[in-house]
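My entries follow in the order I made them.

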Amino acid sequence: MQKGLLPLLLAAGMFFGGCATQEYKMFDKNVNNVETNVSDSEYEAEMSYEYKIVPGDRIQISVFNQSGGAGGKLNEVISRGGLGDTYLTRDGYEGLKVPKNGKIRLPLINEVKVAGLTENEAAERLTEAYKKYLRNPFVSVKILDQRLFVLGEVRKPGVVQVPHGSMTLFEALAYSGDLTDDAKRTDILVIRGDLRHPKIRKININDVSAIRMSSLILRPNDIVYVTPRDMKAYNVAFREQMPFWELLSAMLDPFVKFRYIKDGYNLHGFH
């Protein structure tokens, strides 16, 4: 075997291993303006945050006419007549999808814009619209598909439903089956907003003082990424290189055996 071939093979293995290590992590390059501390005013704003309806959301709308008694009676025109079963959902229906223009079409009142409103604000606007046709209407609005995304070193990565408009980081991690042993607990990223110009927050849950200076409040559509420890990247790179090392071992095996046999002959005086 040529003397220069072995170093060349080893260098190739190290090169491919280095590439695998660099490409293993998500959001590892060109991450600028990462926020680690949250001011008191920002924290108060997050605590009082209410999600606003955007195009693409699915909402459930219930309309009651309360003139029929204390318990209220679902208005026949809204719940059963006309387009009621299509637009006003009951249990088992997917809800009404808000179109791009932000306006929904409902029986009697036609189009009403709900995009940019909270659940309560949308309910108030629809109530005012129905007052033209119903004596004492009551409208409730519920956003059905609020969710966020948990990726990285958790046991069950994926989509997490947000039932109440917001949740804490620890709730999201609990829904995702907790952190894996390879999770880097000092480097959890929360990515929020427009993905062209996202706001990125780094949270260290190993340090209580760092937790106090941060905010653990998550919003719908947030992306939580739990970074892996550096050692996992090397382990993954090693596993990816196993076929290469097995091939190298198979190539070198005949030469090693030949050298062993040759040395044995020389040791016993055979020529």
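I started at Thr127, which I found in helix H5, residues 119–130. Helices here are DSSP runs of H or I with at least four residues, strands are E runs of at least two, and both are numbered from the N terminus. The model is predicted, so local features need pLDDT of at least 70 and side-chain atom pairs count only at pLDDT 80 or more, while totals for chains, interfaces and linings use all residues. Residues are numbered from 1 along each chain as its sequence is written, and side-chain values use heavy atoms, with hydrogens and water left out.

Is Thr127 buried or exposed? I read 14% relative accessibility, so Thr127 counts as buried. The cut-offs are under 20% relative accessible area for buried, over 50% for exposed and partly exposed in between, with a 1.4 Å probe and protein chains only. The Thr127 side chain reaches the backbone oxygen of Ala123 at 2.7 Å. I then set aside neighbours within four places in sequence and found Thr127 in contact (heavy atoms within 4.5 Å) with Pro137 and Val139.

Next I looked up Arg192, in strand S10, residues 183–192. Arg192 has 11% relative accessibility and therefore counts as buried. Which side chains make polar contacts with Arg192? I noted Glu46 at 3.0 Å and Asp222 at 2.8 Å. A polar contact is a pair of N or O atoms within 3.5 Å; within protein, one must be able to donate a hydrogen and the other to accept it, and residues adjacent in sequence count only if both atoms are side-chain atoms. Beyond four places in sequence, the contacts of Arg192 include Pro198, Lys199, Arg201 and Ile217.

Then I turned to the sheet. It is open, has 5 strands in the order S8-S7-S13-S10-S11, and its pairing is mixed. Strands S8 (158–161) and S11 (199–203) stand at the edges with a single partner strand each, so one side of each has no neighbour in the sheet. From one strand to the next, the twist averages 25°. Strand S7, residues 147–152, pairs with S8 in the antiparallel sense over 4 bridges; two strands pair if DSSP finds at least two bridges between them. I also looked up Arg147: its bridge partner in S8 is Gln161.

My last entry is Met231, in helix H8, residues 230–267. Met231 is partly exposed, with a relative accessible area of 47%. Met231 and Asp182 are 49 residues apart in sequence, and I noted 8.2 Å between them, C-alpha to C-alpha.

Terms used:
Axes fitted to C-alpha atoms, helices over the stretch in contact; angles between N-to-C directions.
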